[in-house]
Amino acid sequence: MGWIGLILFSIGMIGLFSIRTQDPFRWRCWVLATILSLVVDIGLEVQYGVVLIPFLFLSFVVSSNTIDYKILRTISSKNVQGKMIYDIEPIITDVLNETKRDLTFELKSNSDVVEQTKVGNCVGYTKYFNSHFISKLKQKGFGNITVSHVRAKVLMMGQSIHVFKDKSLKDHDISVIYNKTTQKTYLVDASLSEVLGNIVIIK
């Protein structure tokens, strides 16, 4: 019955994880916590139990409000011309939700074909978001805005989370949007928003 239990457990966990909520990170943490009894019952505590405690702890102390970024360099930047707009947050939110709905995260993916495959890592998510955000601005005739793809360090409560040696995890790609009309800068993390809920930091 061990393999049957493993299969049923995995299907149940994947099914619960696929449910969309307003706060996906906390939802997934509570999913892990509530299935603790199943983990013990079917004897998978060695494989799965070690991740429950840290995830449950993070569900209480981590939110998008504790995230910030240290910009390392700009990968690309585009100036969008058009009529002035004072409030671009609704457009950012719409495109961010669209990006999360359309894409599936995969660390080892080809960001150059993200439009076709709908699979991306932080690079692919940023490219996809920027492309669709620029298109949305042009459709509405808005401009006087600079949209950049930047490489950054993720800071959690002021500390870098990049403690891994893996090259893929040494930094992170995000979008930076500068509205020249209001002189406001928006840091948008499309990929990490999949886990922590929408991350839009206004500077």
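Tyr 125 sits at 0% relative accessibility, so this residue counts as buried (buried means under 20% relative accessible area, exposed over 50%, and partly exposed in between, with a 1.4 Å probe and protein chains only). The model is a predicted one, in which local features need pLDDT of at least 70 and side-chain atom pairs count only at pLDDT 80 or more, while totals for chains, interfaces and linings use all residues. Residues are numbered from 1 along each chain as its sequence is written, and side-chain values use heavy atoms, with hydrogens and water left out.

Aromatic rings come next. Rings of Phe, Tyr and Trp (its six-membered ring) pair if their centres lie within 6.5 Å; planes under 30 degrees apart count as stacked, over 60 as edge-to-face and the rest as tilted. By this rule there are two aromatic pairs. Phe 105 and Tyr 125 make up a tilted one, with 6.0 Å from centre to centre and 50° between the planes. This pair links distant parts of the chain, 20 residues apart, with Phe 105 in strand E2 (residues 104-105) and Tyr 125 in helix H7 (residues 122-140). Helices (H or I, at least four residues) and strands (E, at least two) are DSSP runs, numbered from the N terminus. Phe 129 and Phe 133 form a stacked pair, at 5.7 Å centre to centre and 10° between the planes. Both lie in H7, four residues apart, or about one turn of the helix. Phe 129 is buried at 0%, and Phe 133 is buried with a relative accessible area of 0%.

Of its 22 residues, Ile 92, Phe 129, Phe 133, Ile 145 and Ile 177 touch the most other members. Helix H5 (89-102), H7, strand E4 (145-156) and E7 each supply at least two residues, and the largest share, six residues, comes from H7. Leaving aside neighbours within four places in sequence, Phe 129 has contacts (heavy atoms within 4.5 Å) that include Ile 92, Val 95, Leu 96, Ile 177 and Val 188. Apart from this core lies another, of twelve residues, among them Val 150, Val 154, Ile 199 and Ile 201.

On the strand side, two strands pair if DSSP finds at least two bridges between them. Strands E6 (residues 172-179) and E7 (residues 184-188) run antiparallel and are joined by five bridges, with Val 176 partnered by Leu 187 in E7. Their hairpin has four residues between the strands, and Gln 183 takes a positive phi near 60° there. E7 also pairs with strand E8 (residues 200-202), again antiparallel, over three bridges; here the partner of Leu 187 is Ile 201.

Finally, the structure holds four salt bridges (a side-chain nitrogen of Lys or Arg within 4 Å of a carboxyl oxygen of Asp or Glu). In one of them, Arg 151 meets Asp 173, with the closest N and O atoms 2.8 Å apart. Arg 151 lies in E4 and Asp 173 in E6, so the pair ties together parts that are 22 residues apart in sequence. Arg 151 is buried at 18%, and Asp 173 is buried at 1%. Asp 112 and Lys 127 meet at 3.0 Å, N to O; Asp 112 is exposed at 58%, whereas Lys 127 is partly exposed at 33%.

Note on methods:
A nonpolar core is a set of buried Ala, Val, Leu, Ile, Met, Phe, Trp, Tyr and Cys residues joined through side-chain atoms within 4.5 Å.
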